[in-house]
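Visitor: Please show me this structure and take me through it by question and answer.

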Amino acid sequence: MKAKPTAVVAAVLIVEMASSIGAAEVRDVNTPQTLQEYLRQAARNNAGLKAAFEEWKVTLEAVPQAKALPDPRFTYGYFIDEVETRVGPQKHRLGIMQVFPWFGTIEARTDAASAAAQAAHKRYEASKLQLFYDVKDAFHEYVYLQSAIEIARENLDLVRHFEEVARARYTAATAGHPDIIRAQVELATLEDELIALQELREPIVARLNAALNRPTSEPLLWPKPEMHEMVQVDQPTVVAALRKQNPQLQAMDFDVEVARNRIELAKKKFYPDLGVGVDWIVTDDAMTSGVRDSGKDPVILMFSLNLPIWRKSYGAAELQARAQSRRALHHRQDVENDLLARAQEVLYDLEDSGRKLRLYEQVLVPKAQELVGASETAYAAGTVDFLSLIDAERTLLRFRLECERARANQHQRLAELEMLVGTELSD
């Protein structure tokens, strides 16, 4: 993999800032409700994402530094005891020298810096995907909590209705007082569960606010869920997309490129650097008149070479660079294996939650609602006891909550899968 030129990286930088961190025309939503509003605010305000962006800029600015030659060296000498020559006494000596690294050193150094900048860019993209997943995960948990509270309230109203039915039967002497007590116990239990759900709102809001870089205690409106048709994904598609588009793996590809260029840099240490310079000696007029070239300043063309004699040290540096290259390759393979295994688990959870959602929506919840209606009619007629009615109510509550849980899980697992493959899978 070859690192992009600096100009291309700069162009990518401009586009990335406009599209990902937030362009000027994007509306500032102070109180987000939809998922897209949450994502826009997170991309614009999240401190961790800003830090990753600045890290990218740090490495990007290293590229022109890598291209530069070493600073030229200026020297000055003052003759304490003037050297008398035929053309006059020498007073000062000035020199300037530029050192040129061995052929290919600057290119290898620049390629390493460019690859490091590209790796930082891909890590910025990975940070953005991780942030978006965190936001989506918390958002869908918030949606589930909203639905769970509404279901709990509806169930509470249902049990209050059952209590009224039990009181009516008790008044008519067709039911005993224990039925009323059972209804009141069930009401107290449901009220406690409702309170627990309502108190769960605070930590979820804090989690969302943290992603948006807002005070954790700042209130958020209930979310506005959007209906999306779930996409069908299969294992080969996910594996191919992950290997090709996952920014974490792409960053590690550039890490491997950096390591390879450092091997080339280590090899250059076996060769000398060349210095080219000029010395100028300031000379006064000769003491004797009539001397030819009296006071003429000599100019000396200078060459220098460092002597790479510590070859054992240079060999160790090359072996070190090769070991770092192998480590980068092994680490990338290990990360890819972990990501593929995680994708397999997420894909299974996604399919499992979709299957459960269809089961609850199409079969279990309708049947539980039918059971509650039939049990209430039978209880009013005196053909079933109150415990059967409460059991039917509990079954309906559990199925409705598990239906919403499966819906939230499906959205959350899809968001996790999108983070792993590095692209959106939903419409």
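**A guided look at the model**

Guide: The protein has eleven helices and four strands; helices (H or I, at least four residues) and strands (E, at least two) are DSSP runs, numbered from the N terminus. This is a predicted model, in which local features need pLDDT of at least 70, side-chain atom pairs count only at pLDDT 80 or more, and totals for chains, interfaces and linings use all residues. Residues are numbered from 1 along each chain as its sequence is written, and side-chain values use heavy atoms, with hydrogens and water left out.

Visitor: What percentage of the residues of the protein count as buried?

Guide: Buried means under 20% relative accessible area, exposed over 50%, and partly exposed in between (1.4 Å probe, protein chains only). The protein has 427 residues, and the share that counts as buried is 42%.

Visitor: Why is helix α2 described as largely enclosed by the rest of the structure?

Guide: Helix α2 covers residues 35-45. Its buried residues are L35, E37, Y38, L39, Q41, A42, A43 and R44. Helix α2 is largely enclosed because the buried residues number eight of the eleven.

Visitor: How many Å separate M97 and G277 in space, C-alpha to C-alpha?

Guide: M97 is placed in strand β2, residues 88-100. Contact means heavy atoms within 4.5 Å, and the contacts of M97, leaving aside neighbours within four places in sequence, include G275, V276 and G277. M97 and G277 are 180 residues apart in sequence, yet their C-alpha distance is 3.8 Å.

Visitor: Which residue forms a salt bridge with D279?

Guide: A salt bridge is a side-chain nitrogen of Lys or Arg within 4 Å of a carboxyl oxygen of Asp or Glu. With the closest N and O atoms 2.9 Å apart, D279 is paired with R93. This pair links distant parts of the chain, 186 residues apart, with D279 in strand β3 (residues 274-283) and R93 in strand β2.

Visitor: Which helix holds E141, the salt-bridge partner of R405?

Guide: The side chains of R405 and E141 meet with 2.9 Å from N to O. R405 lies in helix α11, so the pair ties together parts that are 264 residues apart in sequence. E141 is buried, with a relative accessible area of 17%. The helix that holds E141, residues 105-171, is α5.

Visitor: Is V346 buried or exposed?

Guide: V346 lies in helix α10, residues 311-381. Leaving aside neighbours within four places in sequence, V346 is in contact with R413, E416, L417 and L420. With a relative accessibility of 3%, V346 counts as buried.

Visitor: Which residues are linked with R413 in a network of salt bridges?

Guide: R413 is found in helix α11, residues 386-421. At 14% relative accessibility, R413 counts as buried. The network joins R413 with D137, R207, R342 and E416.

Visitor: Where is N213, the residue with a positive phi?

Guide: Most residues other than glycine have a negative phi. The phi of N213 is near 60 degrees, a positive value in a residue other than glycine. N213 is partly exposed, with a relative accessible area of 47%. Its place is in the loop between α7 (201-211) and α8 (235-245).
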